[in-house]
Amino acid sequence: MQLKPAKLINILFILFFAVVLPVGNMLGLVSVNSISLWGRYFCFAIAALGIDLIWGYTGIMSMCQAFFFCLGGYCMGMHLLLKATALQQQLLPEFMTWNDITTLPWFWEPFHGFVPALVLSLLVPAAVAFVIGYFIFRSRIKGVYMAIITQALALSMYLLFLRNETNLGGTNGLTNFKTLLGFELHKPGTKLGLYLVTLAMLCVAYGCCYKIVHSKFGKVLQAIRDSEPRVGYTAYRVLHYKLAAFVVAAALGGLAGMLYVPQTGIITPGRMDVKASVEMLMWVALGGRGNLKGAVIGALLVNCVYSYCTSVFPQGWLFILGMLYILTVLYFDKGFLGLFEKIGSKIGIKTNSERYATGSK
Amino acid sequence: MLLEVNELAVSFGGVQALNLQHFQLEDRELRVIIGPNGAGKSTFMDILCGKTKPDTGSIVFNGKPTRGLTEVQIAEMGIGRKFQKPSVFPGLSVYENMLLATRMKKDVFTSLFSRMPAGVQEKIEAMAERVGLTSALHKQAGALSHGQKQWLEIAIVVLQDPRLLLIDEPAAGMSDREAEKTGELLLELSKQHGVIVIEHDMHFVKQIATKLVSVLVNGKLLMEGPFEEVKNDQRVIDCYLGRVNAQLEKL
């Protein structure tokens, strides 16, 4: 079989991140810091895949993906904190003692075990998305109203998590994690392991999303984006499809948050404010929405540039992001990926989408 | 009787858009509805397919009432709608457009996990052949010409295998040759389905109106009869004269 450029990119991607970087790390050429940084970027890429599914493919602008990300993150954070507390032979996490709380709140109880925490960090965002999504989509809220309502949700949840009474650490969030499954989090080996697990999960998430968008279900999602009424008259229950996409996107957000927390060592409400969700949308818009690779590339590239810029000229970052955004909207609406494809076609590589447009098989 | 409508009325902001005493359609009948702009023709179709909710009246389709059902439920009962402005999925290929339309289980889990039922591929190819889109099957639907989009939408509606097809202005924006082909297609379809067609183009109406033509004016049914009778009726001519559309006179 002939190797298509798309496949080649996948293989190069995995080869570089799964072999070159870890080996470089073991040889001492790549610092643990940058390994850990990439691990976190992968988390963002997973969350971006969710956004691409709901926004890029279904055309629903959901501005609360960071909230789902944090729900997953908090679930994992609660587990890590309970473990750290037990390690120090205390009964309650420190912030609770400060807040004069004497018994562990009921909703902390399930997070003693690793497996329940794992399951809950996917289930909680999915369940919340199901309930919210059901009411939003049943009322046929669309377009800009959808964006506003999800944004309002993100803000209200942010304010809720800020409060000490929520018993989730308030402004300071959850931190002081020590171990995960007995591995000490600060050790380079653990960090490399988490990096590899995150990479693997990114590949799995990408594979699942790929299957989804290429199934008939995925085609219905795109049909909803193109012409929602027609989907209804073609006897598809639009509500069910939108809801399913929204729930899957939220679960991806939760998965990303769950992987993010042990690598960062902290989760605060600051991660779920409105700005965080907007930033996630921007990764996808810049990378190329309606294209899974675009979402991944966008999340990785923007965060890379972000890390670089904030260390070199901290004040300039927002201007650069803004410029990039304007350029994308004006000149390459298919994002970085569209730009690459344009360049590719100039030098004679025929891409999938072009073959599609001209109608040849 | 495939469709029976009684005392159907709807008004928008105090203006009576439709006030239909009685309308009925036999199975496998092709009915053409004509009437000046704003006569309530499209509104009638909107109500039949569940897009607009009527204020009063009853609709019985295939022995079951459809008032109060959602678009999806009505579509599942077997009413397919082609809109005046072509409504296809521009981002998908012609093949995918037809695939989504084809009659099969349409719930989320089936769409996600199950394979395409046998025979669908052949069905789609046969339909593409019928509407002359075989060479365009893998083109993006958004890149089709206006006439081709009209045909694609007809194909989408037919592939749902409905008992009743509601076709709103199929010949609009088509050349004479294309319109004639569309007319032939509709006549052929009426051998298996009930069909209601809204049309302005009198040449086209003449071609397809093998049985009855209904004339709607100001939301009311003015008359019903064979094309020759309708076209020579003084009231119908009066309705069309004095308006831009004076085509009846020329015939």
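Two strands pair if DSSP finds at least two bridges between them. By that criterion, chain B holds an open sheet of 4 strands with antiparallel pairing, in the order β2-β1-β4-β5. The model is predicted: local features need pLDDT of at least 70, side-chain atom pairs count only at pLDDT 80 or more, and totals for chains, interfaces and linings use all residues. Residues are numbered from 1 along each chain as its sequence is written, while chains are lettered from A and ligands numbered from 1 in the order in which they are written.

**Overall form of chain A**
- Chain A has 15 helices and 4 strands, where helices (H or I, at least four residues) and strands (E, at least two) are DSSP runs numbered from the N terminus.
- The C-alpha trace of chain A spans about 70 × 55 × 45 Å along its principal axes.
- The radius of gyration of chain A is 21 Å, which agrees with the value near 21 Å for a compact globule of 361 residues; this radius is taken over C-alpha atoms, and the globule rule is 2.2 Å times the number of residues to the power 0.38.

**Helix packing in chain A**
- Helices α2 (residues 32–57) and α12 (residues 292–312) of chain A pack with their axes 8 Å apart, at an angle of about 140 degrees; axes are lines fitted to C-alpha atoms, for helices over the stretch in contact, and angles run from 0 to 180 degrees between N-to-C directions.
- α2(A) and α12(A) are therefore oblique to each other, since angles under 35 degrees count as roughly parallel, over 145 as roughly antiparallel, 65 to 115 as roughly perpendicular and the rest as oblique.
- Among the residues that make this contact are A:Tyr41, A:Phe44 and A:Asp52 of α2(A), and A:Leu292, A:Asn303 and A:Cys304 of α12(A); two residues are in contact if their C-beta atoms, placed from the backbone, lie within 7 Å.

**Sheet and helix of chain B**
- The edge strands are β2 (15–25) and β5 (64–65) of chain B, each pairing on one side only.
- Strands β1 (residues 3–12) and β4 (residues 56–61) of chain B run antiparallel and are joined by 5 bridges.
- B:Ala9 has B:Thr56 of β4(B) as its bridge partner.
- Helix α1 (residues 41–48) of chain B packs on the sheet and touches β1, β2 and β4 of chain B, its direction making about 65 degrees with that of β2(B).

**Interface between the chains**
- In chain A, 25 residues are in contact with 27 residues of chain B.
- α8 (216–226), α9 (228–233), α10 (238–264) and α15 (352–358) of chain A each supply at least two residues of the side that touches chain B.
- The largest share of that side, 8 residues, comes from α8(A).
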